[in-house]
Amino acid sequence: MAPSTKYIFITGGVTSSLGKGIIAASLAKLLQAKGFSVAIQKFDPYLNIDPGTLNPYEHGECYVTEDGAETDLDLGHYERFLNTTTSQLNNVTTGRIYNNVITKERRGEYLGKTVQVIPHITDEIKRNFFKLGEEEKYDVIITEIGGCVGDIESLPFIEAVRQAKWDIGSNNFLVIHLTLIPYLAAAKELKTKPTQHSVKQLLEAGIQPDILVCRSEHHLPLEVKKKLALFCNVEFNCVIEAMDADTIYDVPLLMKKEKLDERVLSKLKLSSKNNTELEQWKDFLGRLKNPTQEINVGLVGKYVSLPDAYKSIIESFIHAGAPSECKVNLNLISSEELHPESINKKLEDLDGILVAPGFGERGLEGKIETVKFARENKIPFFGICLGMQVAVIEFARNVIGLEKANSTEMDINTPHPVIDLMEEQKNIVQMGGTMRLGSYPCEIKKGSKAAQAYGKTKNMERHRHRYEFNNKYLELFQENGMIPSGINPESGLVEIIELKNHPWFVGTQFHPEYKSTVLNPHPLFVKFIEAIIENKKNK
């Protein structure tokens with residue numbers, strides 16, 4: 001750890017899903033605006049090594065970093081807010097901690113000691129707390145502890161936080177506790193008791209929170225703040241109100257108004273390096289909140305009952321709509337409900353269609369019908385990962401005439417495997433961390449829609465998939481009008497497909513949504529929205 005690095009730990013109480021990630025990202029944004037270099041990391045208490053094998057219904061989407069780490073979706077928030085990249089180091093799970101310790105024990109690194117939760121597991125957690133600081137690149141490192149205080153899984157992490165204070169010194173250490181102040185409608189009263197209990201559990205673990213951030217649907221009256229300060233042993237001006245916001249992008253400005261950043265700097269004895277007023281951020285919010293036009297886009301996937309499964313895509317539409325001052329009304333549509341006889345009724349009011357990524361056969365035929373509808377009715381279309389593969393299958397079946405064309409993921413015996421496993425993937429037995437993951441180069445054909453969007457012919461994009469376009473069929477597709485407009489220069493694999501004679505029909509094997517941020521919306525999403533607006537005008 002760098003001696004000058006300050007460490008902030010964010011814990012949560014009362015209930016999960018209060019938005020620790022958004023508070024962490026918002027605080028980091030405010031500190032960044034004051035001239036500090038900030039990193040955020042997430043420690044998750046579950047036993048999976050990473051979320052790569054988790055069903056999206058369990059934990060929302062799996063976010064992929066530049067270096068190919070499959071991580072928690074909160075890392076997406078960190079990147080979108082800070083406009084900086086994260087890596088394998090920024091997300092650690094209990095599974096990884098125990099795996100590291102057991103591997104060391106098997107190698108004999110503990111010299112015959114009895115391996116225990118304290119000190120061996122907690123030492124490994126602390127080693128990971130401080131790993132980012134070893135680079136000496138950051139003034140402040142914010143660590144979000146997943147789950148709730150009191151969860152049995154969180155105990156070693158909370159203990160490691162307690163110990164960290166004595167390792168780095170109290171001037172370099174700060175704990176922010178995010179909690180809930182529920183409103184009882186029958187009593188017309190905000191209740192502080194759940195927060196008191198939550199802080200009491202922290203105190204029992206040996207941690208005194210420095211700042212309380214209180215989520216609430218209502219403003220906290222002075223008396224409530226005073227009561228919280230008194231019973232939770234926190235200074236009055238360190239009880240911070242966090243009201244529900246219209247958009248998560250309001251939260252940095254709300255936290256600035258509550259002076260969260262000032263309280264943090266004061267506690268850590270840091271003086272502001274500069275005081276930018278977040279002008280670009282405010283400009284983005286101004287455009288977001290005052291649209292001059294709106295469009296209806298269908299997001300077709302199989303996990304639509306949990307929007308967090310498509311978090312990065314949903315946020316990418318928000319980022320990309322703002323430059324055009326366009327409100328994107330996203331309709332999440334289950335691909336399992338789309339059948340040839342009903343598809344017109346379900347999709348006819350859409351101005352654009354995105355077919356989402358995913359794995360497995362469920363809902364595939366509905367996605368194929370969706371692509372056919374978009375292609376034949378000249379509706380701007382964007383396919384991501386499996387969405388691109390589905391576009392290839394649909395084209396093979398309905399344009400080229402290969403009726404039983406499919407991906408070998410769905411039908412191992414298909415006579416026309418237009419999507420197939422890469423050779424190096426064919427003998428893989430383990431599922432976790434074995435796909436084509438992380439950043440790969442893409443060369444883009446001049447004059448293509450993709451080249452117009454990017455404004456350049458070389459780019460790096462992030463991947464998370466096992467199956468690829470089968471290059472044995474490449475010429476056949478080109479002869480029939482589907483263009484491979486993006487190619488990986490090292491492997492020759494198809495990265496982007498486009499259709500001629502269509503307002504906007506683009507599919508990408510990579511995940512552009514992972515690289516979209518507030519200040520740098522992804523060019524393909526921007527161009528997709530512009531194409532929808534243009535197509536709507538010309539109707």
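## Cavity lining by class

In this predicted model, the lining of the largest cavity is made up of four nonpolar, four polar and three charged residues. The residues concerned are Ile 49, Asp 50, Pro 51, Ala 69, Glu 70, Thr 71, Gln 88, Asn 91, Val 92, Thr 93 and Arg 96. Two elements give two or more residues to this lining: β4, through 70-71, and β5, through 91-93. The largest share, three residues, belongs to β5.

## Cavity number and volume

One cavity of 30 Å³ or more is present in the structure. The space in the largest cavity comes to about 40 Å³.

## The largest pocket

The largest pocket has a volume of about 960 Å³. Its lining consists of 38 residues, and those nearest the pocket centre are Ser 17, Leu 18, Gly 19, Asp 74 and Asp 308. Sorted by class, the lining of the largest pocket has 15 nonpolar, 13 charged and 10 polar residues.

## Elements around the pocket

Both helices and strands contribute to the lining of the largest pocket. At least two lining residues come from each of the helices α1 (20-33), α2 (56-59), α3 (74-82) and α9 (251-257). The strands β2 (38-44) and β11 (239-243) likewise supply at least two residues each. The largest share of this lining is that of α1, with four residues.

Conventions: Residues numbered from 1 in each chain as written. Predicted model: local features only at pLDDT ≥ 70, side-chain atom pairs only at ≥ 80, totals over all residues. Heavy atoms only, no water. 1 Å grid on protein atoms, 1.4 Å probe; cavity = no way out; pocket = protein on both sides within 12 Å on 5 of 7 lines; lining within 4 Å. Points joined across faces, edges and corners; volume = space filled by probe spheres on them. Nonpolar A, V, L, I, M, F, W, Y, C, P; charged D, E, K, R; others polar.
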